[in-house]
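I opened the notebook to look at how two chains meet. The entries below follow the order in which I looked things up.

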Amino acid sequence: MADADDDLGESNENNNLGYEDIWIRYVPSKPDLTVQNQTVTPATINAGQATDVSCKVRNLETALAGSSKLGYYLSRDAVYDSDDLNLGSTDMDALSGNSTSPQERAVLIPFDTPEGDWHILFRADADGTVAESNESNNVACHQIRIEESLTGAVNVTIEPTEAIDAGAVWRVVDWMGPNNWRGNGETETGYPPETYFIEFKDIPGWKKPDDTDLTILAGQTVHKTGVYIREDTPVKITLQCPNPDDDHCHRLCNGAYHVTGSSLKIRWVNETRDQVMSLIAFHYSLDGGEWEHIWTDSDPNNKTETYEWPIAEDFIHDDVRVKVVANYTNGGRSEAVSQSIRIIDSRPPVITVSAPADGQVCTVGEPVEIRWRTDADSSHPAEQVDLKFLPFGETIRLYGAEAEAGSYTWHPNESHVTENAQVRVTLWAGNCTEGVSESPGWFEIRDKEPACSPEPGMLVVGRTGQVGIDWIYDGGMYRGELGIFSLEGMDLSVPDMTAFIEETVRRVMSGAWEGHIVLSDVTDKARFSGVLGGEPTDWNEGEPSVSEPLR
Amino acid sequence: MTPGDRFALVLVPNSTFERLAANPETTDPYKRPLFSFTSPNADYGMHVGQVPAPKEPKFRDP
């Protein structure tokens, strides 16, 4: 355009303009997403915990960025690569040019992350849907410190395979309620240490395992096995023996089993006769403790219902329980537990007799000490002791404290005089066993010397205090009387014969301890009769003289 | 009598203790008592004879 500022006065002002056509092309610009102001709070956490992450996603260009994802990754370094662990992502709306979108959320650090220094990577356009002018500035990072996990995990195995196929699953129930169902062999992590509840799912045709408490420990994985039992084929086993209330199971000793050194009968009944057992196992428990395995029969005969459990000599316990577990060919399982029983030491006592000694000489009427020892346990001391005197056969029976004493004083009498005496000690202990032993060798019992040596014609009253007189033969024609009288207190020097006769007659006629008339020929008759030489006839007549013993 | 007491026998030859009691001084040989023992200070004869102390038969183990 000539004279564009119209400065000149021209003759023709209408021909100043000339033109040429041109094409102007419109070229749009690309957006460019980047991450700024990233934070992690807290930046030091334990594996298994969540932490808050925040940042601003900024579009550096003027061009609009379409909707995209913001990704979070756990990385050993500040550079993103495909091995980094994806912690999650956030969907973002479209972002206009030169604008900013603040983002925040929580991410969970996996339970099994090793402790150490890590990075959380913030990655804009994580799935690469936005074409950017610069694709190399999408990632920002924040260093964090990961400590050892404070949570634990639970791993559950489900049996049998048929139950898994039928839909058997499990889940953890915490204070918030039940979590998601999990399958056989799966592991649930991130549980702070405390007690949780494991629940198994009901599935038709199966009896599910009992729901159970489970205590989770930090940094550990607790394993649990749940066994489903097919319901359509019920099985049941019961236990008859041992039973402390039934002495048909075993001979009891005051309610206790004395079976040490022998065997204990375990008797069970397969209540579901039509179901076949595939395995039967026996266990015992002491004082309510863990079950200890006794024996397993992997080929049980349904008809064999007794097992003799060998009991060692030193197996002595107050609280023993027996459990029998039966597996059935249909997959069923049943178990039964006995009442608590007491097993006592059933070894018989060993008796040692130490007195009388071999060759010992004892005297009639003098005390003879009999001594014995036993090794019987103090918990079941001697209850009865029999002292049998050989060869006479007399037995003295001792109970309680006398039986426990271990000694007894015996007084032999005249009937025991022998050179070959022995004492046999039989001891019954509180464990319903007995022991027997005899005194060593032989001891002798001699007649005692008389208490005093009477003059000829004097006699001594024996131990019984009784005197018996037998009239054998009548001497002849005279008809007299015979008396006996005690000499105690009489002056045998006889200073006055008449007084001595008076005292004698008084004593004889007293009929008491001082004396008796023994026989009177007028009325009594001797045992034997005959004619004496020089006598004309047999004078024996009257009632036979049978004297009662005189005291 | 009690165990250990000494005792003796006395015989009235041809009478009774009752009659002897009525006359203890008698010298009648039918009534005068005879004792089984002899007093060391007396000269009365011992007519019944010595009575030995009986002994229990000893036992022998067969």
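What follows are my notes on the interface.

I note that this is a predicted model, in which local features need pLDDT of at least 70 and side-chain atom pairs count only at pLDDT 80 or more, while totals for chains, interfaces and linings use all residues. Residues are numbered from 1 along each chain as its sequence is written, chains are lettered from A in the order in which they are written, and side-chain values use heavy atoms, with hydrogens and water left out.

I looked up the contacts (heavy atoms within 4.5 Å) and found 39 residues of chain B touching 44 residues of chain A. For the buried area (accessible area, 1.4 Å probe, that two parts lose on being put together, summed over both) I noted about 4,200 Å², with carbon and sulfur atoms giving 67%. On the side of chain B, the residues losing the most area to chain A are B:Met1, B:Arg6 and B:Phe7, together 22% of what that side buries.

I then turned to the secondary structure, where helices (H or I, at least four residues) and strands (E, at least two) are DSSP runs numbered from the N terminus. Both β1 (6–12) and α1 (17–22) of chain B supply at least two residues each to the side touching chain A, and β1(B) gives the most, with 7 residues.

Lastly I checked strand pairing (at least two DSSP bridges between two strands): β38 of chain A, residues 481–486, pairs with β1(B) in the antiparallel sense over 6 bridges. Within β1(B), B:Leu9 stands opposite A:Ile484.
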